[in-house]
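Dear colleague,

I am passing on the structure below for you to look over. My notes come after it, and I would be glad if you read them alongside the coordinates.

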Amino acid sequence: MTDPIADFLTRVRNAMKAGHKVVETPASGLTKDITRILYEKGYILSYKFIDDDLQGKIKIALKYHPKTKLPAIKSIQRVSRPGLRKYAGVDELPRVLNGLGIAVLSTSRGLMTEKEAMKENIGGEVICFVY
């Protein structure tokens, strides 16, 4: 696998579109941090890290609207990829849906959203957009 982040985002996107309750993905440091951010911002219901083999897995319980059964994540897109990295300074941090979504950034202080990066006054690599 050349891009584990894209694989993680694709598994979550496909599971949401198929209406699955739980999705299981391979674990890595970055995917664990992205999962933590998605949980803190309310895009997923819960998660669990399973360390059964060498790499480990992440079980994610997906979140849907109780009445309409629409997924909490409308779109999840990879921005920076191995072939074309996208960096943003503090002045050009992206706003997703005019502040309704989040952009996940990899900074010198770890993974965070664009709002947290603005507070810290740092830029970084734009990993993905979620709304």
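Predicted model: local features only at pLDDT ≥ 70, side-chain atom pairs only at ≥ 80, totals over all residues.

Residues are numbered from 1 along each chain as its sequence is written, and side-chain values use heavy atoms, with hydrogens and water left out.

A search of the whole structure finds two aromatic pairs, where rings of Phe, Tyr and Trp (its six-membered ring) pair if their centres lie within 6.5 Å, and planes under 30 degrees apart count as stacked, over 60 as edge-to-face and the rest as tilted. Tyr39 and Tyr47 make an edge-to-face pair, with 5.3 Å from centre to centre and 75° between the planes. Tyr47 also pairs with Phe49, and because the ring centres are 5.1 Å apart with the planes at 50°, that pair is tilted.

As for accessibility (buried is under 20% relative accessible area, exposed over 50%, partly exposed in between, with a 1.4 Å probe and protein chains only), Tyr39 is partly exposed at 40%, Tyr47 is partly exposed at 29%, and Phe49 is partly exposed at 34%. The charged end of Lys32 sits over the ring of Phe49, 5.2 Å from its centre; the criterion is NZ of Lys or CZ of Arg within 6 Å of the ring centre and within 35 degrees of the ring normal.

Turning to the helices (DSSP runs of H or I, at least four residues; strands are runs of E, at least two, and both are numbered from the N terminus), H1 (residues 4-18) and H2 (residues 29-40) pack at an angle of about 40°, with their axes 9 Å apart. The axes are lines fitted to C-alpha atoms over the stretch in contact, and angles run from 0 to 180 degrees between N-to-C directions. Pro4, Ile5 and Phe8 in H1 meet Leu30, Thr31, Ile34 and Thr35 in H2, contact being heavy atoms within 4.5 Å.

Finally, Leu97 lies in the loop between strand S5 (87-88) and strand S6 (102-107), and Leu97 is partly exposed, at 47% relative accessible area.

With kind regards
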